[in-house]
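Have the model open while you read.

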Protein chains: 2
Amino acid sequence: MIYMDNAATSWPKPEPVYTAVLNCMRKHGANPGRSGHRMAIEAGNILLYTREMLCQLFSADNPFRMVFTINATESLNLAIKGSIQPGDHIVTTSMEHNSVARPLKELEKRDVAATYVRANSQGEIDPDDIRKAIRINTKLIITTHASNVTGTLIPIREIGRIAREHEILYLVDAAQTAGIIPIDLSSLPVDMMAMSGHKGLLGPQGTGVLYIAPHVKLKQLKEGGTGSQSESLFHPEFLPDRYEAGTLNTPGIAGLGAGINYILREGQNKLLSRITRIEKFFLDALLQIPGIKVYGPARMENRIGVISINVKDFDSAYIAGLLDQKYNIATRGAIHCSPMAHKTIGTLEQGTVRFSPGIFNTLDEAKQCIRALEQLTRL
Amino acid sequence: MIYMDNAATSWPKPEPVYTAVLNCMRKHGANPGRSGHRMAIEAGNILLYTREMLCQLFSADNPFRMVFTINATESLNLAIKGSIQPGDHIVTTSMEHNSVARPLKELEKRDVAATYVRANSQGEIDPDDIRKAIRINTKLIITTHASNVTGTLIPIREIGRIAREHEILYLVDAAQTAGIIPIDLSSLPVDMMAMSGHKGLLGPQGTGVLYIAPHVKLKQLKEGGTGSQSESLFHPEFLPDRYEAGTLNTPGIAGLGAGINYILREGQNKLLSRITRIEKFFLDALLQIPGIKVYGPARMENRIGVISINVKDFDSAYIAGLLDQKYNIATRGAIHCSPMAHKTIGTLEQGTVRFSPGIFNTLDEAKQCIRALEQLTRL
């Protein structure tokens, strides 16, 4: 099978990821942070190791500000609901995933207002439009780092500067970029960054991260046992325990640590170039096939990771189904949990067929995809 | 190492659990419920399989009412916060874990009242005391099924009947019993049951379950991508998607399914008898060692899974440390995230040394524990 669905979950994982998950379960299978025996301490060390890997990859200095969640959706819910009160206003974009839009729709029922800054038809956001949307009660700006539908990169440095000027918190949804594009938190004006563990960071499903800058205080989503301040009926206030109630996914986090270590060892730019090479090949080849419509920016510098297309007027789920069944190519069709983005690019009805190459895809696989699409245009 | 910390996390797991986690990552590593290609469908089938295993083990008939969470703490937060409004009253007990107590303390700041029914010094709850605590605005009764400090079993059938009589929801925290004690949801008057996946159910860490009875409607904790109704900006209302926002811990859930399948195949009563045999041996032997104080009910029928003790007046963490370092025995000392329970049994200062045998512990290991304790009483 040619797996071109890495924007949903990266697959396969580097070998050390599988080994780390298994080793964690077999050899360090105790509960981290609860008991004090050696195996429990080893399990605790796994969590710390992965936090340190995250700090290294993203140039952050406090591992305890890397909070583990089950997925980017939880990271976003925590960041949004933890920082917003009734009466507040949020600025966001029309390119957001439902993991941002749906919590906002929920908050809008509770006297929170949101402005959805419209992207152009390539999914590009003008930072000046963000600035214009700011109101006196704006507390939070949320943007994705790259659209999961079009791959369009959003200028987070410029938007972050605008947020800082106005003393507004800036939350970046890096679900599609963390691990893929170098992100330097020591220099970026970003207050919170939500990440998936199972996409570009090469960890297993069931892992997410929220980076929380030192000056940011959030209300927690859940309270419970933390192994810390066990004698207290009140949830601890310090990080990371405040945001990590209950037993964590230690095996998954072990795998995530191994995934990040793999990225650091191989070199992020080298791995990134594998993806951009395939993406460039795809884009160049697709332009030469009549009957194929390509979405997102034409310029490679403005996009990353996904190539969304349609074949003539065929339903995208139908094409994705044929790619799977006839050509053994795994893509995603239909609406990619981001209806606002589809509306922006005009594909709310048709959806798109999304190819999302990963670091293990080859140019030969990309060629097979192109050949399959050529055939499908003759339908 | 002699691992006697199964009440924190069961270890080791049956071999098929490791295999299932690894197979899921290696062979079915796509995103369940998002894309439509074969590997994504296989991943979706893993989730369904585990839901069906849960239904089989607990005699429930609708797999979609078995909702996956990251841990029992999240299950409890969802059940409690999803069902309670300001002005409501909750009845619970003094034997609850902080995963119940801390969410309640949080709600108490928001015009929710709670009554903590006091257990006796063995941790036993009189159902009649629950009845007496009910008020006109009581919306929810919460009890653990077995205390994680004393192992005391709580009469959930009797308490459930009282809840039904008063048309009050009944939430059972089965973190310490699910998978260990047979639980028949088809006959028990239980409306919600929170479970850990990584304890008696033999799954990996990072897995929890909330069973939600058909007549119960909860508000969700999180909104986001679900792979369903992708075109809608509003979070879906149907189960299980309503409560499962974002990508799940599919490898962990694969392991959980394998763990439950192991229980069903081996026979729950056979596995239970392994634990009770060791527990009985422990209790009989401990009674004959002067200087050892044993907590919880004397009668085996009223307890399960944990043997909490103290050696003279020594700090429990000190004894647990010696057991680990000198005897290679893994236990948990100090306060087990349940300060109310420690207060009830009078160990808020000293804590307890908790031995929690699992299905793979042997009588010989139990004997080594007893010999170690005999030596420690001579300190």
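In chain B, helix α2 (residues 38–58) and helix α7 (residues 250–266) have axes that come within 9 Å and cross at roughly 35°. Keep in mind that this is a predicted model. The other spot to look at is in chain A, where three strands form an open sheet.

**The helix pair in chain B**

- The crossing of α2(B) past α7(B) is left-handed.
- On the α2(B) side, the residues that meet α7(B) include Ala43(B), Ile46(B), Leu47(B), Met53(B) and Leu57(B).
- On the α7(B) side, the residues in this contact include Ile253(B), Ala254(B), Gly257(B), Ile260(B) and Leu264(B).
- Sorted by class, the contact between α2(B) and α7(B) has 13 nonpolar residues, five polar ones and no charged ones.

**The sheet in chain A**

- Strand order in the open sheet is β9-β10-β12 (chain A), and the pairing is antiparallel.
- β9 (292–294) and β12 (353–355) of chain A sit at the edges with a single partner strand each, so each has one side without a neighbour in the sheet.
- From one strand to the next, the twist averages 35°.
- Strand β10 (residues 307–311) of chain A is joined to β12(A) by three bridges, with the two strands running antiparallel.
- If you want a residue pair to click on, Ile309(A) has Val353(A) in β12(A) as its bridge partner.

**The helix across the sheet**

- Helix α8 (residues 268–287) of chain A lies across β9, β10 and β12 of chain A.
- Relative to β10(A), α8 of chain A runs at about 25°.

Notes
Residues numbered from 1 in each chain as written. Chains lettered and ligands numbered in written order. Predicted model: local features only at pLDDT ≥ 70, side-chain atom pairs only at ≥ 80, totals over all residues. Pairing = 2+ DSSP bridges. Helix = DSSP H or I, 4+ residues; strand = E, 2+ residues; numbered from the N terminus. Axes fitted to C-alpha atoms, helices over the stretch in contact; angles between N-to-C directions. Contact = placed C-beta atoms within 7 Å. Left-handed = near helix turned anticlockwise from the far one by under 90°. Nonpolar A, V, L, I, M, F, W, Y, C, P; charged D, E, K, R; others polar.
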